[in-house]
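Okay, thanks for coming, everyone. Let me put the chain up on the screen and walk you through it.

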Amino acid sequence: MNDLSQVRNVTVADLMATSGVPFGTSGVRGLASAMTDRLCHAYATAFLQYLGDIGEFAAGDRVALAGDLRLSTPRILAACTTAVRDCGGEVVFCGFTPTPALAFYAMGIGMPSIMVTGSHIPADRNGIKFYRPHGEVLKSDEAGIVGQSIAIDPARYGPDDGLINPAVLPAVVDVEEAYVARYVRHFGADALAGLTVGVYQHSAVGRDLLVRAVEALGGTAVPFGRSEQFVPVDTEAIRAEDIALAAKWAAENSVDAIISTDGDSDRPLVADASGTWLRGDIVGLLCARAVGADVIVTPVSSNTVAELSGAVPRVLRTRIGSPYVIAAMMDAATADPAACVVGYEANGGVLLGTAVGDLTALPTRDALLPILAIVSAARKTPIAQTVAQLPPRYTYSDRVADFPQADSAALIGFLSAGDEGEQLARIARVFGDIAGLPTAIDTTDGYRMSFANGAILHFRPSGNAPELRCYSEAETEARARDLNGKALAHVLKVVIPQVRSL
């Protein structure tokens, strides 16, 4: 039993310090073994108490719950169900379904929702995402949740911190039919007519929904790679085996595209007819262009093809993370109510900030919108040809693990000292041989340097781990990868020793 066994009242801040499972704006994530019933019950309770404080939840209100296909998900769902009932709420169980399907249903009727998922992280881990009645939890909500005091009764838990009498999940309320119908209305029942679409199913919770959606829009779906074991597919760091599998399936089958998602089916994967996966920021741009966006909101780490392509009139850059994208989308929509605002991240997550056509706004990551927008356009122009028409820009990212946070702070302090002229001169001395002549600096999130030859280097220290992330961009994939490796090696071998000697 952990050291919380005798605690009667505890704050989320206390739980974060003792459990090893942090609470952040996007919810909680950690080892499934550390996400005990006691801990999950407490975090769900804190969320609902906070909603009560701001007038968005009261006894008798309904709360929607759903989960992904990890082995630990049903147990965590039961703990969250118990928390909802203990807070006086009524559980609406939406089954094992995509996060955006849950969010579309719950936001549509103004209901809080809780999604149990670890997204793309390995099977031995899990997480919980919390949604307010009309959108994601934002940075402005975080302090109110973390400061909640929760009463914990040790008598309800066994020696493993599991509930002695876990809740039985209620009957499933179908939310998938309305979610698919949303896109049939918008794109049309023949939007994919004549197209053959491979569906890489793996262990994604939306794997059958993808087949259903393709067929509902008139396409022929060919399922591949279904797995009963959880597969950690990450749309931002596609595994070598997934690259090989897509190429193999494309070679063996006549397909116009291959589609997939991450574990909770909120981030898309789209491959062309050859099985080449598109990068996430290209997926986001093509989707924004397809729906006629007036404004793109995307983090500073996304590819600059957004600006260089001229596909959308206005591009706004934010810090990295969907809460920052959503906040900026809200500001953009308020500033220009007639504008179509679309947000996306480098991982391919697309968020619809305003209504467009038959689509109501859905300001959370939604894999189905970009998948259908890109694949339906393949009826006129093959995906590979569409991508080839974009300016040649490629991104790559890597990190240095076990990089002390003090060194990260010292590096950023060293680079940012002085006025802009002094900083550019310093960058030229330090990174000129690697990247060329510096022309611009962006400190939106970390330290981002642009160079005259089009190269970009972006250093970003982790906020909660001892590591340094480097993002690079160049005119070819090989150049972006080479630039990244050389920059990180130079930081370790030359820059940090120099900084430490100052």
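**The chain as a whole**

So, of the 502 residues in the protein chain, 56% are buried, meaning under 20% relative accessible area, where over 50% is exposed and anything in between is partly exposed (1.4 Å probe, protein chains only). Quick caveats: this is a predicted model, where local features need pLDDT of at least 70, side-chain atom pairs count only at pLDDT 80 or more, and totals for chains, interfaces and linings use all residues. Residues are numbered from 1 along each chain as its sequence is written, and side-chain values use heavy atoms, with hydrogens and water left out.

The chain has 16 helices and 22 strands; those are DSSP runs numbered from the N terminus, helices being H or I of at least four residues and strands E of at least two.

Now find the open, antiparallel sheet of five strands, ordered E18-E22-E21-E20-E19. Strands count as paired if DSSP finds at least two bridges between them. E18 (394-401) and E19 (438-442) sit at the edges with a single partner strand each, so one side of each has no neighbour in the sheet.

Inside the sheet, E21 (residues 456-461) and E22 (residues 467-474) run antiparallel, joined by six bridges. For instance, His458 has Tyr471 in E22 as its bridge partner.

Two helices pack on this sheet. Helix H14 (residues 405-416) touches E20 (447-451), E21 and E22, contact being heavy atoms within 4.5 Å. Helix H16 (residues 477-501) touches E18, E21 and E22.

Definitions and conventions. Axes are lines fitted to C-alpha atoms, for helices over the stretch in contact, and angles run from 0 to 180 degrees between N-to-C directions.
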